[in-house]
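This report walks through selected features of one model, moving from the ligand surroundings to helix packing and then to the backbone of several loops. Please keep the structure open beside the text while reading.

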Amino acid sequence: GKHVCECDACYGGSDCSEFLPGCVADADSGDPMFLEPFWLKHAASSVIVLPGWHRMSYEFNDGSLISKELETQIRKLHAVIGNAVTDGRFIIFGAGATQLLHAAVHALSTNDPSSPSRVVASTPYYPVYREQTEFFNSEDYKFKGDTSLYNNERDSQGNFIELVTSPNNPDGQLKKAVLQGPSVRTIHDLAYYWPHYTPIPAPADEDLMIFTLSKLTGHGGSRFGWAIIKDETVYQRMLIYISLSTYGVPRETQLRVLKLLKVALEREGKEMFDFGYKTMRNRWRKLSETMSMSKRFSIQELEPKRCSFHKKVRGPSPAFAWLKCEREEDNDCNVVLNSVNVTGRDGSLFGAESRFVRLSLVKCEDDFDLLLKRMQMLVSEENDST
Ligand code: PMP
């Protein structure tokens with residue numbers, strides 16, 4: 001086959017056609033390169049041209065930092081796909097969901113160092129929530145681990161900021177907020193709430209929702225995300241954060257995103273979203289089939305659900321496999337995987353045990369094929385020896 005662009009990590013030689021046998025199947029990062037074939041096919045219609053004198057100013061002509069045309073396109077995108085309500089909501093742009101997550105934690109925290117807001121998430125959770133909150137080391141909020149520790153606490157216990165990831169990274173489950181009450185604020189990280197990765201039961205209608213271009217079109221390197229916000233005060237506080245940290249998202253990026261979204265929405269999104277879903281579904285089917293023959297390993301179970309975008313019940317197509325090593329002695333699952341040159345992300349980073357490992361299913365076809373082959377080897381070794 002043809003090996004192109006960023007998808008040839010395990011191929012060498014002058015024309016990138018030679019397979020490198022000792023190569024590691026790296027299933028660690030969640031870089032959604034699986035969409036590259038779609039963009040190769042639409043190479044011409046997705047081009048942007050940007051002469052040196054274009055878009056030089058800090059601001060758009062109306063003095064704002066965000067392109068109104070792009071904002072309109074994003075509202076249209078959610079209306080067509082049916083995954084989020086945007087009517088009457090504020091929209092803000094950031095350098096990926098990464099920047100917006102912190103902007104949101106800042107905006108929802110109490111300005112009261114004597115009782116810092118407690119930032120929590122349900123285990124297993126996306127590691128950046130903890131890493132980022134601890135790194136910024138604010139007096140206004142502290143990372144306080146798993147939501148289940150606080151199920152029974154009452155309002156007098158201070159303020160909570162609950163991060164809800166739906167579908168969840170790492171296990172692909174659709175999630176709801178766990179904590180309730182007047183002292184709880186929630187941030188819904190909906191990075192994967194697209195038909196590629198999950199059935200869409202209904203449009204999300206939460207107070208603060210974060211989306212990212214990276215998981216939607218695969219352009220992680222453009223560093224673009226957006227937040228949809230109900231409350232004007234929260235919106236204003238997030239704007240201040242963006243304004244003081246980066247003074248907005250590069251206008252070049254905004255131009256590229258507008259072009260990409262226009263192509264993504266051609267024929268009501270049919271082509272890109274069908275390609276995304278079918279690719280992820282086929283990968284999940286192949287991996288599930290392999291893992292179903294194992295007793296040593298298991299992966300998460302996901303229910304078929306009705307999808308309002310596809311207008312039917314559809315099977316799972318998650319971005320990650322959440323692999324468990326079942327044997328008592330395999331308490332470090334990555335060590336077991338490393339024995340066949342596979343590497344995933346250690347469960348302990350997600351607040352779980354190291355007998356869990358997250359395997360990325362969103363990379364290039366070659367990466368997935370190699371991962372699958374090595375997992376098949378592991379499972380057949382197990383069945384040969386029993
Ligand atoms: N939230 C979740 C749940 C993610 O998995 C990721 C990317 N791995 C992000 C946020 C960050 O996305 P971005 O590339 O937009 O910064």
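The residues that form the shell around the ligand divide by class into three nonpolar, nine polar and one charged, in what is a predicted model. The shell counts 13 residues, and the closest of them are Gly96, Ala97, Thr98, Thr212 and Ser214. Helix α3 supplies three residues, the largest share of this shell.

An α-helix has 3.6 residues a turn, so residues three or four places apart point the same way. Just after the helix, asparagine 137 adopts a positive phi of about 45°.

**The packing of α8 against α10**

Two packed helices are described by the angle between their axes and the distance between the axes. For helix α8 (residues 270-291) and helix α10 (residues 365-384), the angle is about 10° and the axes are 10 Å apart. Angles under 35 degrees count as roughly parallel, and α8 and α10 are therefore roughly parallel to each other. On the α8 side the contact is made by Arg283, Lys286, Leu287 and Thr290, while α10 contributes Phe368, Leu372, Met375, Gln376 and Val379. Sorted by class, this contact of α8 with α10 comprises five nonpolar, two polar and two charged residues.

Aspartate 367 is likewise placed in helix α10. Is aspartate 367 buried or exposed? Aspartate 367 has 23 C-beta neighbours inside 10 Å and therefore counts as buried. Apart from residues up to four places away in sequence, aspartate 367 touches Ala9, Ala25 and Asp26.

**Two glycines in loops**

Glycine 269 sits in the loop between α7 (251-264) and α8, and with 18 C-beta neighbours inside 10 Å it counts as partly exposed. Once neighbours within four places in sequence are left aside, the contacts of glycine 269 are Val80, Ile81 and Ala264. Although glycine 269 and isoleucine 81 are 188 residues apart in sequence, their C-alpha atoms are 7.6 Å apart in space.

Glycine 172, found in the loop between β7 and β8, has 25 C-beta neighbours inside 10 Å and therefore counts as buried. Not counting residues up to four places away in sequence, glycine 172 touches Pro167, Tyr197, Thr198, Gln300, Leu302, Pro316, Pro318, Ala319 and Phe320. Leucine 265 is 93 residues away from glycine 172 along the chain, and the C-alpha atoms of the two are separated by 25 Å.

Most residues other than glycine have a negative phi, and most peptide bonds are trans.

| Residues joined by a cis peptide bond | Omega |
|---|---|
| threonine 123 and proline 124 | about -5° |
| asparagine 169 and proline 170 | about 25° |

Proline 124 is located in the loop between β5 and α4, whereas proline 170 has its place in the loop between β7 and β8 (184-189).

Positive phi values occur at two arginines as well. Arginine 55, in the loop between α1 (36-41) and α2 (68-81), has a phi near 50°, a positive value in a residue other than glycine. With 14 C-beta neighbours inside 10 Å, arginine 55 counts as partly exposed. Arginine 223, in the loop between α5 (213-217) and β10 (225-229), has a positive phi of about 50° although it is not a glycine. Its 19 C-beta neighbours inside 10 Å make arginine 223 partly exposed, because a residue counts as buried only from 20 or more.

Notes:
Residues numbered from 1 in each chain as written. Predicted model: local features only at pLDDT ≥ 70, side-chain atom pairs only at ≥ 80, totals over all residues. Helix = DSSP H or I, 4+ residues; strand = E, 2+ residues; numbered from the N terminus. Near = placed C-beta within 6 Å. Nonpolar A, V, L, I, M, F, W, Y, C, P; charged D, E, K, R; others polar. Axes fitted to C-alpha atoms, helices over the stretch in contact; angles between N-to-C directions. Parallel < 35°, antiparallel > 145°, perpendicular 65-115°, else oblique. Contact = placed C-beta atoms within 7 Å. Buried ≥ 20, exposed ≤ 12 C-beta atoms within 10 Å, placed from the backbone.
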